[in-house]
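This report describes how side chains are arranged in the structure shown below.

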Amino acid sequence: MRLQNRKSIVLDEFYYKYVIIFFGIIYWIYGMMPSVDLIFNLLSLMAVAVSVVYFFTCKSDFRKGFAVFIVLFNILTIVANPFKMVNVIALIYIWIEVFFFMYCDEQKESSILMNELDSFCKLITILGTFIVIASLVTYTLGINVVYGYPSITTTTLHLGIDSSSGALVGIMGNANIFANYLVVYIGVLIHYVYKNGIKVSYVILMAVGLGTLYLSYSRGGLVGIAVLIAIVVLVPLVEKAKGNQGMLLILAGAYICFLLFVLMIVMGLRIDLNGINGRDIGQATRSTNLRVMLWIAGIKGTCSNPIYFLFGVGANIAELIRQFADPSIPSSLYNNVHNIYVATFASYGFFGVVLFIGLIATTLIKILHMLMQSIKTNRDMIPFVAILISLLVINLVESDIYVKKPFEGTGFWLILGYTYCILKKRECEGKSKRIIEE
């Protein structure tokens, strides 16, 4: 891993993040969940302890304020509903995501923070390559095993192929989870291209990753990779078009058209997806309709009670959906509304979802502002911004980036935190350099 004149491992948050991300990635691998779940719980408590120390010692930052308010309203959610230990556990995960993973030691230079982020990228690439190869082997061999861990998750898991759709699941248990990871994996490979130039190994890994993503039949994953590639292409073009309003308008129009097309794919509106993601129009429409009905049930249920509306129902989403769901929705889907924004509204109410969206939006706006101020200097950060936006789009149809143990939850906040901190640090270092030169 690296290290020059660093503080002890015990006090360095990087090592805790690294271990948690490692176990978060292997969490879904076939046979790993029971043991990794226990390890993750122990690591979470250690992370909370470390982050509390940093919370009281670090300088004031807007994320610190958001962390306080988000935790406060989640405590009110616990108070407003019948006590459940699962709500307390969720509070711990929220603290870890919102503060621990978004926090970076302000005393570190931008180069050290970049080295840390590169260490995570290397981990994602190495494990991702192993997962892709192993998954393609199980798919090619036609392995089809259904399994589950009811005490941990209600999700039905598959090894190799999901026989109901023919999707490649590989060793990751769930096609959508696998597809989301592949989006991050390909985004990291694009970062390597930006950093080191085009290499045959990068091209091969990206091609295999894209092929694997295609075989997962995940609409969310396909939309995510489309958004990622579009942003990677668009941002440099916007930089070149600065000062040319006509070109900027053309780029804006083209991107809006692209987003509308993406939305149509997400919603499955009159698009025959057969040959695009392995589903015919009937399957796509059925899947979309179920999601929309879940969203409606979640919103209706949360708005049915003033307490629910303000503070949410905590972990009682399944019961809430049961009361307001259309009879055609299978009961096995009640625990997941397949939309992170609706899920957050149902779990933590109006205040919770406003804070959740506010934190992400505020941070992302600051990131985009700093990025566009100096694209040439920050060119290597474009893929990470693209990954963040892609995951936010994917979570219009998934509920993965908030209050989740595995990588799909912690990974988002890790990238968000490092991207913001590196850009902020580079901005400060640039100002200091100019002052010294003057």
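## Nonpolar cores

A nonpolar core is here a set of buried Ala, Val, Leu, Ile, Met, Phe, Trp, Tyr and Cys residues joined through side-chain atoms within 4.5 Å. The model examined is a predicted one. Its largest nonpolar core contains 117 residues, and the members that touch the most others are Ile25, Tyr402, Phe412, Trp413 and Tyr418. Helix α6 (residues 175-196) supplies the largest share of this core, namely 14 residues. In soluble globular proteins, nonpolar side chains tend to be buried together.

## Surroundings of Tyr402

Which residues is Tyr402 in contact with, leaving aside its neighbours within four places in sequence? They are Ile70, Asn74, Ile94, Glu97, Val98, Ile340, Thr344, Tyr348, Phe356 and Trp413.

Tyr402 also belongs to one aromatic cluster together with Tyr341, Tyr348, Phe356, Phe412 and Trp413.

## Aromatic pairs and a charge over a ring

The count of aromatic pairs comes to 25. One of them joins Phe309 and Phe350: the ring centres are 5.7 Å apart and the planes stand at 15 degrees, so the pair is stacked, the limit for stacking being under 30 degrees. This pair links distant parts of the chain, since Phe309 lies in helix α11 (residues 306-311) and Phe350 in helix α13 (residues 340-373), 41 residues apart. Phe309 has a relative accessible area of 32% and is therefore partly exposed; Phe350, at 37%, is likewise partly exposed.

Phe350 forms a further aromatic pair with Phe351, which is edge-to-face, with 5.7 Å from centre to centre and 70 degrees between the planes. Phe351 has a relative accessibility of 31%, so Phe351 counts as partly exposed. Elsewhere, the charged end of Lys17 sits over the ring of Phe100, at 5.9 Å from the ring centre.

## Cysteines

How many disulfides does the model contain? The count comes to zero, under a rule that asks for a pair of cysteine sulfur atoms within 2.5 Å. A disulfide is a covalent bond between the sulfur atoms of two cysteines.

Are Cys303 and Cys428 buried, partly exposed or exposed? Cys303 has a relative accessibility of 45% and so counts as partly exposed. Cys428, with a relative accessible area of 37%, is partly exposed as well.

Conventions:
Residues are numbered from 1 along each chain as its sequence is written. This is a predicted model: local features need pLDDT of at least 70, side-chain atom pairs count only at pLDDT 80 or more; totals for chains, interfaces and linings use all residues. Side-chain values use heavy atoms; hydrogens and water are left out. Buried means under 20% relative accessible area, exposed over 50%, partly exposed in between (1.4 Å probe, protein chains only). Helices (H or I, at least four residues) and strands (E, at least two) are DSSP runs, numbered from the N terminus. Contact means heavy atoms within 4.5 Å. Rings of Phe, Tyr and Trp (its six-membered ring) pair if their centres lie within 6.5 Å; planes under 30 degrees apart count as stacked, over 60 as edge-to-face and the rest as tilted. A charge sits over a ring if NZ of Lys or CZ of Arg is within 6 Å of the ring centre and within 35 degrees of the ring normal.
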